[in-house]
Amino acid sequence: MKIALVTGASRGIGRATALLLAQQGYAVGVNYVNNDTAAHSVIDEIQQAGGKAIALKADIADEAQVVAMFKQLSAELGPITALVNNAGILFRQTTLENLSAERINKVLSTNVTGYFLCCREAVKTMSHRHGGKGGAIVNVSSAASRLGAPGEYVDYAASKGAVDTLTTGLALEVAAYGIRVNCVRPGLIYTEMHASGGEPGRVDRVKANLPMQRGGQPEEVAQAISWLLSDSASYVTGSFLELAGGR
Ligand code: NAD
């Protein structure tokens with residue numbers, strides 16, 4: 001049985017990934033932090049199509065909540081075989097001299113600590129070292145880790161730099177224990193995240209600067225994630241897939 005956990009799955013890239021994985025036969029844990037209605041609409045859509053999904057309400061930055069979420073997933077669906085570390089945050093566009101310690105720490109606690117905690121719990125279940133059957137992890141980073149997001153959110157970009165390094169380190173650490181760890185780096189994708197940065201229309205403003213001259217859709221990112229999780233990518237680990245329209 002293929003059992004996936006997708007963090008931040010009530011909207012955007014996480015939602016598209018949860019729907020695609022369910023279509024491909026995964027039982028899916030739909031993690032979300034606030035919006036019960038949005039999470040349940042994802043689950044309803046999966047169930048109406050004949051798939052299996054459960055709601056997992058947890059703040060990934062909170063260690064106790066992450067541990068409880070993995071316990072619930074295991075009890076209700078079975079041992080995890082695929083983790084998509086997707087939940088992420090950013091705040092309003094600004095320059096570095098305006099960043100407070102509070103803001104920086106908030107970004108890091110979700111985008112970095114949250115990813116580490118979910119990896120940790122997944123590895124404990126998947127690793128051959130602990131009697132597990134192996135599995136695959138995909139971390140959702142960002143093209144911002146390469147570009148730095150100057151004048152917008154260097155704190156967010158740096159958090160994604162940490163996600164890249166987590167991917168490399170963990171991939172090497174668990175390669176011999178049946179776990180593949182890979183990363184996708186989306187560029188400008190049409191989701192509600194840009195509104196959190198204070199500019200809902202950001203993708204359309206900057207898309208002309210991209211080689212492909214268009215923004216990406218969450219479904220296009222979901223396809224890459226599902227391939228990296230699948231047996232078709234069985235010899236791929238520690239790899240980075242750019243989904244940034246050529247940038
Ligand atoms: P989004 O804001 O639509 O989705 C993010 C989801 O994560 C939201 O549902 C949010 O509630 C959830 N979340 C936030 N903090 C959480 C927490 N502590 N615990 C659990 N859930 C939490 O944004 P999106 O564009 O779908 O982003 C998904 C991922 O893709 C993020 O990691 C983001 O950094 C990355 N990304 C997005 C873009 C883009 O252009 N949209 C580009 C590069 C990378």
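A crossing of two helices counts as right-handed if the near helix is turned clockwise from the far one by less than a right angle. Keep that in mind as we walk through this predicted model, because it describes how α3 passes α4: the crossing there is right-handed.

Let's start with α4 itself. This helix covers residues 101-126, so 26 residues in total. From its first C-alpha to its last it reaches 35 Å, close to the 38 Å expected at 1.5 Å a residue. There is a bend along the way, of about 35°, at serine 109.

Now bring in α3, which runs over residues 63-76. Its axis and that of α4 come within 10 Å and cross at roughly 35°. On the α3 side, the residues making the contact are Glu63, Val66, Val67, Met69 and Phe70, and they meet Leu117, Cys118, Arg120, Glu121 and Ala122 of α4. Sort those contact residues by type and you get seven nonpolar, three charged and no polar.

What about charges elsewhere? Side chains of opposite charge can pair when their charged atoms come close. With 4 Å as the cut-off between nitrogen and oxygen, the count comes to 16 salt bridges. One of them joins lysine 57 to aspartate 36, with the closest N and O atoms 3.3 Å apart. Lysine 57 sits in strand β3 (residues 52-57) and aspartate 36 in helix α2 (residues 36-48), so this pair ties together parts that are 21 residues apart in sequence.

Technical notes. Residues numbered from 1 in each chain as written. Predicted model: local features only at pLDDT ≥ 70, side-chain atom pairs only at ≥ 80, totals over all residues. Heavy atoms only, no water. Helix = DSSP H or I, 4+ residues; strand = E, 2+ residues; numbered from the N terminus. Expected span 1.5 Å × (residues − 1). Bend = angle between axes of the 7 residues up to and from the residue. Axes fitted to C-alpha atoms, helices over the stretch in contact; angles between N-to-C directions. Contact = heavy atoms within 4.5 Å. Nonpolar A, V, L, I, M, F, W, Y, C, P; charged D, E, K, R; others polar. Salt bridge = Lys/Arg side-chain N within 4 Å of Asp/Glu carboxyl O.
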